[in-house]
Amino acid sequence: DHGRINDGIKVLELNTIENPKSGNAFDSLADGYFRNNQFEISKETYKKSLELKPDNTNAKEMLDKIDKLLQQKS
């Protein structure tokens, strides 16, 4: 936040490169995309987080939330 969301996303992207097996890293990146209204890429990134960490309840909740938002837009 604080008006530097794109910088934050770049840092989070680097974190996933450095930690490619971390479900938490992908969850944080997905949160960043979501906050930046990049819902499609956020959705894909939450799915990746779930692949790595199947018990990630945040990712499951956010996927439902994104699906509802995308349905409203169509």
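A residue is taken as buried when its relative accessible area is under 20%, as exposed when that area is over 50%, and as partly exposed in between (1.4 Å probe, protein chains only). By this scale Lys47, at 37% relative accessibility, counts as partly exposed. The structure is a predicted model, in which local features need pLDDT of at least 70 and side-chain atom pairs count only at pLDDT 80 or more, whereas totals for chains, interfaces and linings use all residues. Residues are numbered from 1 along each chain as its sequence is written, and side-chain values use heavy atoms, with hydrogens and water left out.

Helix H2 comprises the 13 residues 23-35, and its end C-alpha atoms lie 18 Å apart, in agreement with the 18 Å that the helix should span at 1.5 Å a residue; the expected span is 1.5 Å times one less than the number of residues. The buried residues of H2 are Gly23, Ala25, Phe26, Asp27, Leu29, Ala30, Gly32, Tyr33 and Phe34, and they pack against helix H1 (5-18), helix H3 (39-52) and helix H4 (57-73), where contact means heavy atoms within 4.5 Å. Just after H2, Asn37 adopts a positive phi of about 60°.

Helix H3, with 14 residues, reaches 20 Å from its first C-alpha to its last, close to the 20 Å expected at 1.5 Å a residue. Its buried residues are Phe39, Ser42, Lys43, Thr45, Tyr46, Ser49 and Leu50, and what covers them includes H2 and H4.

Two packed helices are described by the angle between their axes and the distance between the axes. The axes are lines fitted to C-alpha atoms, for helices over the stretch in contact, and angles run from 0 to 180 degrees between N-to-C directions. The axes of H2 and H3 come within 8 Å and cross at roughly 165°, and the two helices are therefore roughly antiparallel to each other, a term used for angles over 145 degrees. The contact is made by Gly23, Phe26, Asp27, Leu29, Ala30, Asp31, Tyr33 and Phe34 of H2 together with Phe39, Ile41, Ser42, Thr45, Tyr46, Lys48, Ser49 and Leu52 of H3. These residues of the contact of H2 with H3 divide into nine nonpolar, four polar and three charged, with Ala, Val, Leu, Ile, Met, Phe, Trp, Tyr, Cys and Pro counted as nonpolar, Asp, Glu, Lys and Arg as charged, and the others, Gly among them, as polar.

For H3 and H4, the axes come within 9 Å and cross at roughly 155°, which makes H3 roughly antiparallel to H4. In this contact, Phe39, Glu40, Ser42, Lys43, Tyr46, Lys47, Ser49 and Leu50 of H3 meet Asn58, Ala59, Lys60, Met62, Leu63, Ile66, Asp67, Leu69, Leu70 and Lys73 of H4. The residues of the contact of H3 with H4 divide into nine nonpolar, three polar and six charged.

Individual positions complete the description. Lys47, found in helix H3, is 21 residues from Phe26 in sequence and 8.9 Å from Phe26 in space, C-alpha to C-alpha. Asn15 lies in helix H1 and, at 31% relative accessibility, counts as partly exposed; Asn15 and Phe26 are 11 residues apart in sequence and 8.4 Å apart in space, C-alpha to C-alpha. Ser74, in the segment after H4, counts as exposed at 78% relative accessibility.

Note on methods:
Helices (H or I, at least four residues) and strands (E, at least two) are DSSP runs, numbered from the N terminus. Angles under 35 degrees count as roughly parallel, over 145 as roughly antiparallel, 65 to 115 as roughly perpendicular and the rest as oblique.
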